[in-house]
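I am opening the notebook on a new model and want to record what I look up, entry by entry.

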Amino acid sequence: MPYVMRNADGDICGLFEQRQEGSAEEHLGADDQAVVTYLSKPLPVTAVSARQFKLQLLAAGMLDNVDAWVAQQPRDLQIAYEYSGTFMKDSPMMVAGFTAMGLTTLQVDEFFVAASQL
């Protein structure tokens with residue numbers, strides 16, 4: 001039977017075995033629908049393989065634009081783009097690139113979810 005922590009919108013954002021004074025004082029049953037829904041949510045995608053990332057760029061029609069942007073960047077960023085085996089969503093290179101491409105945070109999240117499914 002978990003104690004739940006809720007965010008400002010009232011959604012569950014954490015579960016605890018023990019009561020957490022001031023943050024998780026509400027006790028719900030493990031079979032409570034809100035608890036089941038929270039536990040069923042997929043984890044956020046924070047990284048994808050280079051293959052997944054570049055295939056998703058291609059699928060999204062962004063590959064040529066990204067390649068052109070990378071070619072204009074410092075050599076260390078070019079090397080990272082070319083040789084990285086994993087692309088981390090929150091890395092400085094990724095943040096700069098997606099900002100340059102004009103993507104919103106939600107669009108970046110959707111991009112990584114789609115890439116993770118390739």
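**Basis.** I am working from a predicted model, in which local features need pLDDT of at least 70 and side-chain atom pairs count only at pLDDT 80 or more, while totals for chains, interfaces and linings use all residues. Residues are numbered from 1 along each chain as its sequence is written, and side-chain values use heavy atoms, with hydrogens and water left out.

**Sheet.** I looked up the strands, taking helices (H or I, at least four residues) and strands (E, at least two) as DSSP runs numbered from the N terminus. I found 3 strands in an open antiparallel sheet, ordered E2-E1-E3, where two strands pair if DSSP finds at least two bridges between them. Because strand E2 (12-16) and strand E3 (26-27) stand at the edges with a single partner strand each, one side of each is left without a neighbour in the sheet. Strand E1 (residues 3-6) pairs with E3 over 2 bridges, and Val4 stands opposite Glu26 in E3.

**Lys89.** I next located Lys89 in the loop between strand E5 (86-88) and helix H5 (92-100).

**Pocket and cavity.** On a 1 Å grid over the protein atoms alone, a cavity is a set of points where a 1.4 Å probe fits but cannot get out, a pocket is an open set with protein on both sides within 12 Å along at least five of seven lines, and lining residues have an atom within 4 Å of a point. The largest pocket has a volume of about 160 Å³, and its lining includes Lys89, Met94 and Asp109. H5 gives the most to this pocket lining, with 4 residues.
I also found 1 cavity of 30 Å³ or more, and the largest cavity holds about 130 Å³ of space. Of the 14 residues that line the largest cavity, the closest to its centre are Phe53, Val66, Trp69, Met94 and Gly97. H5 again gives the most to the lining of the largest cavity, with 4 residues.

Notes: Grid points are joined across faces, edges and corners, and a volume is the space filled by probe spheres set on the points.
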